[in-house]
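Hi everyone, thanks for coming. I'd like to walk you through a structure I've been looking at, so let me put it on the screen.

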Amino acid sequence: MRSVDASARVRLDRALGDLAVTFRGMTARADETQCVCHWGSTEELALLKVPDVELDPELLRRTWGAPDWGDHGAVLRRVLPQFARALAGGAVPAYSVAEVGESFARGGWQGWPGRQRAAVWEFLHAWWADSLTAPAPAIPVADLLVLCAEASAALTPWLAAWEALDHPAADRHLAETAARWEYDLLTGELPWYTSHDEEDALRTELTTWLARYAPTRLRAHDPLLHGIRLASLPIPARWDDPRW
């Protein structure tokens, strides 16, 4: 599997390099404003209007996390090369990943010009593939799936990539993720808060995918497989099942 692991890492490095080239020279809008009391100083705001200047980690965090930019997309494009490196390097804690996904979504990146949109899409996919094959990814796979789903408003591409990957680390991450989410899925809940309006559809897609895909990969996890099977059943049938 070393060749697969190396290939995933090379792909991620290339994606980060492409982001750096694609978003070089980007700035926030000249008329962008922010609250001095709650966000930061006028000097810090001025840095966002100068291209390619590295921000200190705390300023970077406040910048991508602020929900009230006049043009969030322009601000995100300004910090994206540095932001992506920080993400891939594990500088953002797991508890913030849903907020990262929401920040991408607020930036409206899927409506950006073609090359910019493609660069972001490739970064997310390359990061996802690298994490699936890593024994100990910087961000747990369960959390990264939330980030990618929130950023793209979709589960399908990330689940499809997971399913297509025949790798022991990917299977181990699947077992860990399914165990972490089992209780929520059994009680009919999506295992994370979503800013999108299709929570039931996402939960149904996730449970259906697990019920179809997990049994071939998790044969040694019999109790977990029973939980996955139950979660995929309609609630009356779930409650009536002898294994409930």
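I'll talk about a helix, then a histidine, then the cysteines. One thing to keep in mind is that this is a predicted model.

Let's begin with helix 9, which covers residues 168-186. How far apart should the ends of this helix be? With 19 residues at 1.5 Å a residue, helix 9 should span 27 Å, and the end C-alpha atoms are 26 Å apart, so the two values agree. As for which residues are buried in helix 9, the list includes A169, A170, D171, H173 and L174. Further along helix 9, W181, L185 and L186 are among the buried ones too. Then, just after helix 9, you'll find G188 with a positive phi of about 80°.

Next, the histidine. H72 belongs to helix 4, which runs over residues 72-88. Is H72 buried or exposed? Its relative accessible area is 8%, and buried means under 20%, so H72 counts as buried. What does H72 touch, if we leave aside neighbours within four places in sequence? Its contacts are W64 and A66, along with S103, R106 and G107.

Last, the cysteines. How many disulfides does a search of the whole structure find? The count is 0. For C35, the nearest cysteine sulfur belongs to C37 and sits 4.8 Å away. A disulfide needs the sulfur atoms within 2.5 Å, so C35 is in none. C35 is partly exposed, at 27% relative accessibility, while C148 is buried, at 0%.

That's my tour, and I'm happy to take questions!

Notes: Residues are numbered from 1 along each chain as its sequence is written. This is a predicted model: local features need pLDDT of at least 70, side-chain atom pairs count only at pLDDT 80 or more; totals for chains, interfaces and linings use all residues. Side-chain values use heavy atoms; hydrogens and water are left out. Helices (H or I, at least four residues) and strands (E, at least two) are DSSP runs, numbered from the N terminus. The expected span of a helix is 1.5 Å times one less than its number of residues. Buried means under 20% relative accessible area, exposed over 50%, partly exposed in between (1.4 Å probe, protein chains only). Contact means heavy atoms within 4.5 Å.
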